[in-house]
Structure formats: structure tokens, C-alpha cells
Amino acid sequence: MPELTTKTADDPVVATAVNAPAAKPEKTRSMWGDAWQDLRGNWVFVVSAVLIVLLIVMAAFPGLFTNADPNDKDLTHYLQHPNYGHFFSADWLGYDGQGRSVYARAIHGTRASLLVGAGTTLVVTLFGGLIGMLSGYFGGWLDAVLSRVTDMFFGIPFLLGAMVMLNSFTDRTIWVVIGALAFLGWTQTARVMRGSVITIKQADYVQAAKALGAGTSRILFRHVLPNAVAPVIVVATISLGVYIGAEATLSFLGLGLNGVSWGNDISDGGNQIRVAQYIMLYPSIMLSITVLAFIMLGEAVRNALDPKMR
Amino acid sequence: MGRYVIRRLLQMIPVFVGATLLIFLMVNVMGDPVAGLCGDKECDPATAAQLRREFGLDKPVWQQYLTYMGNVFTGDFGTAFNGQKVTELMSTAFPVTIRLTVVAVLFEIVVGIALGVVTGLRRGRPVDTAVLVLTLVVISVPTFVTGLLLQLLLGVQWSWIRPSVSAEAPFGELIVPGLVLASVSLAYVTRLTRTSIAENRRADYVRTAIAKGLPRRRVVTRHLLRNSLIPVVTFIGTDVGALMGGAIVTERIFNIHGVGFQLYQGILRQNTQTVVGFVTVLVLVFLVANLLVDLLYAVLDPRIRYA
């Protein structure tokens, strides 16, 4: 999985931790190096990572998997049932009520779902992480204010908030959907980060850095963040899958993305469920596998980082 | 105890005000409340202006919020798009959703905790693996897919249940919708209980209880389970609010006319009064449920005392 190794090494925060043991003798591995050793032998991690890499390739180059156009409507194929012998051809998984290839749409829908999931997770992790780190590290009135603000956003039901936001847009692009999901989604990350930072800031090495006269930003980004980020990464991985599911749910409620997406196809298929179940089945399978892959990856990482689970 | 409750209630005030203000702003800023009042057509400018004056929408937003909140505290939640009082809508919608939520929470408590205990005590055995895989499947399949499939199988093809719930929505008709609503949380409750039980199983007090010669049943229920329930209770408590808000999907599938149905209509028609009113009540439910959970801790763990 070259994708994953480069990804972790590129991340400046993780890189310091991952590269650190290279300079020292082999035996003292960092938390991350230790976790990496553990993960390589874990089949749950390997399977979910391979699935995710496959999905990323599918999102980037859908043409590799199908040459049919997902928007090509041909009513001569109206509700034409799957032809399971024709592997990977346009009629493999049948056609929907507008004569579009279910297989082509299932492949081309990957991009929208992954972008929404990854985009929302990125925004939520950066913003929620920052809020959580500030309120956890500085405490006092700043913490009181930020925590109450977090509570306010947490108090509003997530789905309802996203619906209200999305209802005012007629052109619901990927950015709009990411914005609507992130608007109420950041609270969980903020809470996890706050809890994690509060534990870390009492550690001896943070006190030592302070005593040595290190600046606040240096303590925060060099000492606190690398050690507090583990639970946040776990939450981020798992919630990436959850956001993909949330986008599909919004599509089901008629407030999802415009364009080709699994959510729209499942929603369309739901209307025809009594005559042609396959229309809903295949995008649902793709969606569920994707969500499952991210949840399994997140849990594998959590178990690897948590010494109690050994 | 009394002082703790009072302090918590005071803390709830800014959160309540903030959350209601937030949803008020979202509905007002993001949409045009007048747009929904002329049906599906667009209002002509004169009517729109008159409606704005009538509802006080020409005033600044903060003033509108204060007026609205003032009315809410006298029990006036305004009128919905069809001229009905929002309080009237609430009095028909909430009982239905509360019944649905009760069914869902019962599923979580009974099935979720039972499965969690069984798997937690048999970690690594086939039962454990099977339940674990099942929970992962339930979590990753979206609720509306589970709901539509169950409706198709049980309601349409096998005719075990009515595919859509009648207007009165008695408990009997809400069993399958309740299960659908609970499904994802049920899986989380199972996993949480399992982890918690598996962790505490090796605790000293469990060994002591076994060494005292207590029957296994008593060790598990009185000692192990009671100590393992705190994270589970936290989850279920915070979930009550989420279930009521999330019922929007389940209610749509099974055509249940509860809170989710009213909110869905309200949001699509941009009816500020309905949306803000219902969300205000949901926020209150959420806050009170959280407080109750914290008070329950002291019942489960006598070491926790609230001064």
C-alpha cells in the first residue's frame, strides 16, 4: 500500500513521529512506528486499505472500469434487468427507469461520495481540531466559551441542520454539501481533541518544554499536537464513512448532491423498489462497502494505537 | 445534589439560547420565510411586503428572535404554513414520535445490552465474531436502505406488517419502524457494552465476587454489568435526542405523521415557525436527557457524588 505510507509520511505532524525512530536504534519505536508494525499484520487493516485504494482509483479513473456514460439515457433499455453474464459491460447490472446503465452509474458515483466524505472530514478535522486544542490547552474562560459554543452546535440535530442549509441552495454542488455537513459536524472532533489535549498537557515533557522557555505555538504544535492527535485521526477515519452515508441520506430526502451520486441512485431506486430491486441494490452495496471500509480502517488504527487492546 | 442540578440547569440556559438562536438564524438567513407562504408559486411583491409586515419580518433579526422567544415562553409557537397553530401540530406529532422513540430505546436497551453481554463474555468465540460482523453490516448500510428493504420484505412481499403506519400510530404498528430507527444505535450499544464488559471482566472486584462463591448470574448482573453500564447509559441518553431528530428518515419511509414529518414539511416549505418551534423542543429534550444521564451515573456508581 504505497498510497498509505506516502500519505502518513507527507503529513508533517505524523512524519516527525514516524521518522523519529529511524535515527535511533531499532528497538525504541515511537507510538506510530509501533502501531504501523501492528497494522501491517492485521488483516482487517489490509483488507480495508486495499478496498479504499481501489475506491480511490475508481473515483479518479472511472474510465478504467466502464466505458459506458452514466448520463447516457436510452429508453429502449427502460428497466432492462441485469445480464449477469456480461461482466463489466454497460448492461451487466441492468438499466434504470431512465434507461441509464446501473453499473456505469455505480462506478461514476464513487467520486462524488469520496469527495464529500474526504472534504467534510478535512474541514471538520482542521476546524474542530483547532477549537478543541485551544479550549483544551488554555482552559479557563476560553474553554468555557468554546465549550458552550460547541454544545450549542451539538444540540441541533445534525441531519435537520444540514437539511435547512441545503434547502436554500438550488444548485447543490459538492462544496455546498461539504459546507452543510461540516457546519454542524465539527463538534465531535472538537470534543475529542479537547479531551485528548487536556490529558497530554499535564505530561512531563510538556511541563519540561515550558520550563525550558519554549513558546506557546512551539509547545502546541511540536509537543501537544503530535501526541494528542491519535484519537482525532481515529474519529476522522470513522466519520469519513459516516459523512458518505449522511450525503446519501440527504439525497434520499431530496436534498442531496446534484449529479451522479450513489445517494441519488439509491433514492431513485427506492421509488422503483417494488418493480426493480436491482436499481437500488448495487449503489447501496457500493455505498455500504465504502462506509464499512472506512469504519474498519478507523477501528484497526484505534486498536493499534491503544495498548490496552493488545 | 440539589445544588448540582441547579448549576447544571443554569449552564443549560446559554446553550439553549444559543442553539435556538442558531437554528433561528439558519432558517431566516438561509431561506426566505415568505417564499413558502404563497404555495408553490412566487409571491407578488405587494403581498410579500404585506406578509413581511404582518409577521414582523421587516424588523432586524435579533428583534424577531426576541419577539419569538417571548411568545414561546407564553406558550405561543406561532402558526404553520397551513394556518394551524404550531402547538397544535406538536400535540399530534410528539406523542407519535415519543412512542416511536420509546420502541427504539427499548430495542437498544433490551437487545443491545443483552447481545453486548453475551459477546463480551465470549470474546473471540464464533458467537462474538458473528455478532460483531452483523453490527458492522448494520452500521454501514444506510438506515433508509434497511428501512425500505424491511418495508418491502415484511410489508409488501410477506405481508407481516402494514407497509405504512396508520394515523393513530399505536405501539403495535411501530415495532418495525422502531427497530429501523434503532438499528445503527443498537449496533453501537452492542459494541460499547461488549468492550466495556470485556474490559471489566478481568477487574479485581469480579475476581473477588467469584472467589466469594457468588453464583455466576449474580456476578454478571450485579457486579460486572452494573460497573460496565456507564458508557452505555451515556450513549443511550444522548441518543434519545438524536433518535427524535433522526426519525425524519424512518417517518418518511413508513409514512408516520410525527415530528420528523412535520419538520420535513416545514423545512421544504421554509416555514420558520414550525422548524424553529420543533427544533426548540428537540434541543430541550436533548439537554434534559443529558442532565438525567449525569444524574444516573450516581445511581450506577455510588462513588460518584454530586455536591
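Colleague: How far apart do the end C-alpha atoms of residues 110–298 of chain A lie, and what percentages of the span are helix and strand?

Modeller: Happy to. This is a predicted model, in which local features need pLDDT of at least 70 and side-chain atom pairs count only at pLDDT 80 or more, while totals for chains, interfaces and linings use all residues. Residues are numbered from 1 along each chain as its sequence is written, and chains are lettered from A and ligands numbered from 1 in the order in which they are written.

Now to your stretch. The end C-alpha atoms of residues 110–298 of chain A are 20 Å apart, and the span is 84% helix and 0% strand. Helices (H or I, at least four residues) and strands (E, at least two) are DSSP runs, numbered from the N terminus. An unreviewed UniProt entry assigns residues 110–298 of chain A to the feature "domain: ABC transmembrane type-1". UniProt positions are given in the numbering used here, with feature names shortened, and annotations may be inferred rather than shown by experiment.

For chain A, UniProt (unreviewed entry) also lists "transmembrane region" at residues 43–65, 114–138, 228–255 and 275–301. Residues 114–138 of chain A are 100% helix and 0% strand, with 35 Å between the end C-alpha atoms. Residues 228–255 of chain A are 89% helix and 0% strand, and their end C-alpha atoms lie 36 Å apart.

How are two helices of chain A arranged against each other? Helix α5 (residues 102–138) and helix α12 (residues 278–305) of chain A pack at an angle of about 35°, their axes 10 Å apart. Axes are lines fitted to C-alpha atoms, for helices over the stretch in contact, and angles run from 0 to 180 degrees between N-to-C directions. The crossing of α5(A) and α12(A) is right-handed; a crossing is left-handed if the near helix is turned anticlockwise from the far one by less than a right angle, and right-handed if clockwise. From α5(A), the contact uses V102(A), A106(A), G109(A) and S113(A), and from α12(A) it uses Y278(A), I279(A), Y282(A), P283(A), M286(A), L287(A) and T290(A). Two residues are in contact if their C-beta atoms, placed from the backbone, lie within 7 Å. By class, this contact of α5(A) with α12(A) has eight nonpolar, three polar and no charged residues. Ala, Val, Leu, Ile, Met, Phe, Trp, Tyr, Cys and Pro count as nonpolar, Asp, Glu, Lys and Arg as charged, and the others, Gly among them, as polar.

Helix α12 also has a part in the meeting of the two chains. There, 32 residues of chain A are in contact with 36 residues of chain B. On the chain A side, α6 (140–155), α7 (158–167), α10 (216–252), α11 (262–271) and α12 each supply at least two residues. The largest share, seven residues, comes from α7(A). This side of chain A divides into 19 nonpolar, ten polar and three charged residues.

UniProt (unreviewed entry) puts "domain: ABC transmembrane type-1" at residues 94–297 of chain B, a span that is 81% helix and 0% strand, with end C-alpha atoms 28 Å apart.

One helix pair in chain B is worth a look too. Helix α8 (residues 204–211) and helix α9 (residues 216–253) of chain B cross at roughly 150°, and their axes come within 10 Å. α8(B) and α9(B) are therefore roughly antiparallel to each other, given that angles under 35 degrees count as roughly parallel, over 145 as roughly antiparallel, 65 to 115 as roughly perpendicular and the rest as oblique. The crossing of α8(B) past α9(B) is right-handed. Y205(B), V206(B), A209(B) and I210(B) of α8(B) meet V219(B), H223(B) and L224(B) of α9(B) in this contact. The contact of α8(B) with α9(B) counts six nonpolar, one polar and no charged residues.
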